[in-house]
Amino acid sequence: MTKKILLTGVFGPFGVDDAFGRKENVMELFHNQVTKAQGPASLRFHHRSFALYFLAENVQTPVTVLDFPSREQFVEELRRHRYDAVGISFIAPNFVKAREMAKLVREIQPGAEIILGGHGAAIEGVEELIPCDHVVKGEGIRWLRRYLGESEDAPIRHPALVSAEHKHIYGIPTPGVAALLVPGVGCVNGCRFCATTHFFEKKSISFFRRGEDLYQNACRISDELGTSDFFVMDENFLKDKARALELLACMERDRRPFGFAIFSSAEAIQSFGIDNMVRLGVYFVWVGAESKRETYDKNKGRDLRAIVRELRDNGISVLASGILFLEHHTPQNIWEDIDYIIDLEADFTQFMMFTPLPVTRLYQDYKAKGLIDFDLPFEEWHGQHLLNWRHPHFSRQQATRVLGEAFRAEFDRLSASTLRMTETCARGYANLADKAASDPWVALQRERLRARGTELRILMPTMRAFAHSAVERAHVQRVAEQCEKAYGPQPIKERLLGLGALGIAEGHAVKARLFGDMDQPQFRQVRYRWPDGHRTSAAQPVRLPMLQPVTDSPAGRP
Ligand code: B12
Ligand code: SF4
């Protein structure tokens, strides 16, 4: 019997104080955790709920995906179509939303089974807290196939998805599209605080084992979406050195360059080698710096500051992430760590509160010690506002204040991240000149760097006008000179575009002052293999709008 499945993420709006969520928990990666103190210079974009599309694409039954529905849209779908099962994908801070949705399923479609999946499924006793029939902890594709009586081991089909939507800086829509590439889930490193490694039992579960498989998928997705840049969603992409090298070999064999934004640990970066990263087309890397004193194996004995400098010298932008409110932190010594992270001088910095999340070793440890603050509702367990455990040296309010000050200090000392990225491109382009002269493949990648850098340079008048201090204004001047030296004089067309961009930014700033600049992710519904004439077929790529006009909605409203 064919089963009909509804797969859904939790409902919006996000980042507002209501019965289901908190204003501090915005559904935006950089604006929530990275560039949040940078005002109009903050990088804004949304990600789709990738798991839903992976699950839908890899079964053979009719499926509807609801990505970012409102509560009303979810209810409407339940009223309109009968389902055998409703799968809800959620993370811990969205627990209340998932519970509300499960209650709605029981009320409107009592015959449908409820499947809970995603990191929220790791919440202890979730089966008692949320009405459900199945709780899926860990990898979901194999589970869903088994549930449907399909072959678990069939090859994984990678959906063609744009990685980030509705991208803008200073209110200016940013050109270019990167596609999503998910080589697998999980990580073997087992850092004690990390939800991803523990949720997948400290394993790295590959969807594509060989570099050649990754390459073939990248080629198909690149053709379908018309882009050669990829955001690689793998916690430690360079850790599988052989696979990354094979991918590079395939690219060089076919003379087909791609660009990759990746996550990788310092040890994996050093083992793979920065020269190889340049050849592979890595243009952005997210590195866990964590803390100066709490040194994980991945960082032990490594000079992170030198690694960051070398990466940027080679045109690779770096995001360094740090953890605040570790056990040893006190109001007196925490700035040692904040300064350490800022002094890495990465293009981007993430500060996260040390947050024991269900399933992690840290959670088990703190629970045993009675340290976890279970009075704090799950909506607050997102690491950007309140500590969810009783810190010996910080009150809740103190921690919130220090987190804000850390982000602010980073911005004050290092300027806008967009400016730093512009600088990285110019530095890399200049420094790679010699290697490019003797190696045509490096020359090809260097040209891609030039395209990226000259595009960013268009924002220079905006960066100058919006510089928030004398330090930043001087920094803008230095980067403008670096660009001039690296790329030569700016063509008239680009200058005019720069002035146009400034006009948009000024208009946006006025609107943001009047109405706020909250952005809600767009609702999307996709039907797969739908029997009654709707859009069908597993092979159908999900094409997402590439450049959308920036619309401001009053704070808190979708
Ligand atoms: C992309 C991402 C986001 C996107 C979310 C986009 C969206 N539409 O939801 C953005 C950047 C906005 C985001 C924000 C946040 N995120 Co986030 N995010 C991720 C990230 C990096 C990748 C997730 C992903 O797509 N992976 C690829 C897919 C294929 O894997 P997957 O989602 O794990 O899905 C698999 C299984 O989990 C399972 N599965 C998933 N759903 C379902 C459903 C069913 C029915 C079934 C059967 C199976 C199943 O099957 C899938 C295939 O195996 C993960 C870390 C990671 N690498 O996993 C963190 C992660 C999920 N985020 C996390 C957190 C904490 C947050 C924030 C609170 C952080 C913050 N303070 O800003 C916010 C919350 C925003 C909000 N308002 O809800 C935590 C969750 C921890 C937890 N225990 O709940 C993670 C694990 C990071 C971490 N290590 O701490 N995030
Ligand atoms: S290396 Fe990164 S992804 Fe892997 S366990 Fe440590 S923090 Fe998690």
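## Crossing of H13 and H15

A helix crossing is right-handed if the near helix is turned clockwise from the far one by less than a right angle. In this predicted model, H13 passes H15 in a crossing of that right-handed kind. Helix H13 covers residues 334–342 and helix H15 covers residues 396–414. Their axes come within 10 Å and cross at roughly 35 degrees.

On the H13 side, the contact is made by Ile334, Trp335, Ile338, Asp339 and Ile342. H15 contributes Val402, Glu405, Ala406, Ala409, Glu410, Arg413 and Leu414. Sorted by class, this contact has eight nonpolar and four charged residues, with no polar ones. An α-helix has 3.6 residues a turn, so residues three or four places apart point the same way.

Ser415 sits in the loop between H15 and helix H16 (417–431). Its phi is positive, about 75 degrees, although Ser415 is not a glycine. Most residues other than glycine have a negative phi. Ser415 is buried, because its relative accessible area is 0% and the cut-off for buried is under 20%.

## Helix H21

Helix H21 runs over residues 492–515, 24 residues in total. At 1.5 Å a residue, H21 should span 34 Å; its end C-alpha atoms are 35 Å apart, which agrees.

The buried residues of H21 include Glu494, Gly498, Ala501, Leu502, Ala505, His508 and Ala509. Among the elements that cover them are strand E8 (172–173), helix H18 (440–457) and helix H19 (460–466).

## Surroundings of ligand 2

Ligand 2 has around it Cys187, Asn189, Gly190, Cys191, Phe193, Cys194, Thr197, Glu235 and Lys298. By class, this shell holds four nonpolar, three polar and two charged residues.

Glu201 belongs to the loop between helix H7 (195–199) and strand E11 (204–206). Glu201 is not a glycine, yet its phi is positive, near 55 degrees. With a relative accessible area of 59%, Glu201 is exposed, since the cut-off for exposed is over 50%.

Most peptide bonds are trans. The bond from Gly12 to Pro13 is cis, with omega near 0 degrees. Pro13 lies in the loop that runs between strand E1 (5–8) and helix H1 (29–33).

Conventions
Residues numbered from 1 in each chain as written. Chains lettered and ligands numbered in written order. Predicted model: local features only at pLDDT ≥ 70, side-chain atom pairs only at ≥ 80, totals over all residues. Heavy atoms only, no water. Axes fitted to C-alpha atoms, helices over the stretch in contact; angles between N-to-C directions. Helix = DSSP H or I, 4+ residues; strand = E, 2+ residues; numbered from the N terminus. Contact = heavy atoms within 4.5 Å. Nonpolar A, V, L, I, M, F, W, Y, C, P; charged D, E, K, R; others polar. Expected span 1.5 Å × (residues − 1). Buried < 20%, exposed > 50% of the residue type's maximum accessible area, 1.4 Å probe, protein only. Near = heavy atom within 4 Å.
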